[in-house]
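Biologist: I'd like to learn how to read domain contacts and aromatic pairs. Could you walk me through an example?

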Amino acid sequence: MIKTLRDAEELVRTRHVITEVPTHGPTSLVEQVMGGRPTGSWRDHAKGRLAYRLGRMLRASKDVLAVRLVEGKVAFVDPTLWPAVYRVAMEPARRRPSLQGLSADARALLSTVERDKRVRLDKEGPWTKAREALEERLLVHFSEAQEEDGRHVAVLRSWRDWASVTLKADAARLSYEDAQARLRAACDGAPSGLGPWVF
């Protein structure tokens with residue numbers, strides 16, 4: 001069972017992709033913390049707080065990428081698959097349709113992120129819906145950080161700013177189809193694919 005951040009990070013390294021909550025695809029952090037798939041709300045489970053806390057910690061980990069890959073749910077991804085995620089995220093043929101239907105606020109926020117490279121926002125506030133739309137459509141890199149006063153904030157970055165030179169070079173060697181295939185294989189054939197805005 002998973003009890004510590006180190007345990008959770010090792011699980012991600014071993015499985016390459018885990019989801020935060022149960023899906024029809026890969027194993028989830030919640031299931032591993034609780035020792036099985038919970039019945040009812042996992043938040044009401046005796047270990048629900050631990051699962052929640054570890055999820056927040058994984059989002060802030062520099063060794064894990066948190067991105068909505070499986071059934072629109074957050075997945076934690078091992079560095080071996082980061083080039084595939086970057087390749088998919090940056091594919092023009094995928095990005096163009098993902099821009100359709102964005103609110104004016106979401107478009108403005110995306111422009112700000114692309115211009116400033118990195119934007120910090122309160123997790124809950126007037127920009128929450130816009131931020132969630134960009135995150136769900138894989139248009140920005142999303143992570144969480146803790147401020148000095150203890151508050152957790154959302155950190156949005158352009159994918160280009162997030163990716164290292166080496167990662168970009170590795171991604172360039174992948175075709176869009178190869179990157180998709182690698183992610184699908186790692187996600188254990190989740191029936192809804194890798195989120196509504198990925199494919």
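Modeller: Gladly. The chain splits into domain 1 (5-79) and domain 2 (81-181), and please keep in mind that this is a predicted model.

Biologist: How many residues does the contact take from domain 1 and from domain 2?

Modeller: Domain 1 gives 18 residues to the contact and domain 2 gives 14 residues. The area buried between domain 1 and domain 2 is about 1,200 Å², with 63% of it from carbon and sulfur atoms. On the domain 1 side, Leu65, Arg68 and Pro79 lose the most area to domain 2, together 43% of what that side buries.

Biologist: How many salt bridges are there between domain 1 and domain 2?

Modeller: The count is three salt bridges. Take Arg68 again: its side chain forms a salt bridge with that of Glu135, at 3.4 Å from N to O. As for elements, strand 2 (65-70) provides the largest share of the domain 1 side that touches domain 2, five residues.

Biologist: Now the rings. Why is the pair of Trp159 and Trp162 called edge-to-face?

Modeller: Planes over 60 degrees apart count as edge-to-face. The planes of Trp159 and Trp162 stand at 85 degrees, with centres 5.3 Å apart, so this pair is edge-to-face. Trp159 and Trp162 are three residues apart in helix 8, so about one helical turn separates them.

Biologist: And what is the geometry of the aromatic pair of Trp82 and Trp162?

Modeller: That pair is tilted, at 5.5 Å centre to centre and 55 degrees between the planes. It joins distant parts of the chain, with Trp82 in helix 4 and Trp162 in helix 8, 80 residues apart. Both Trp82 and Trp162 are buried, as is Trp159, and ring pairs link Trp82, Trp159 and Trp162 into a cluster.

Technical notes:
Residues are numbered from 1 along each chain as its sequence is written. This is a predicted model: local features need pLDDT of at least 70, side-chain atom pairs count only at pLDDT 80 or more; totals for chains, interfaces and linings use all residues. Side-chain values use heavy atoms; hydrogens and water are left out. Rings of Phe, Tyr and Trp (its six-membered ring) pair if their centres lie within 6.5 Å; planes under 30 degrees apart count as stacked, over 60 as edge-to-face and the rest as tilted. Helices (H or I, at least four residues) and strands (E, at least two) are DSSP runs, numbered from the N terminus. Buried means under 20% relative accessible area, exposed over 50%, partly exposed in between (1.4 Å probe, protein chains only). Domain bounds come from an automatic or database domain assignment. Contact means heavy atoms within 4.5 Å. Buried area is the accessible area (1.4 Å probe) that two parts lose on being put together, summed over both. A salt bridge is a side-chain nitrogen of Lys or Arg within 4 Å of a carboxyl oxygen of Asp or Glu.
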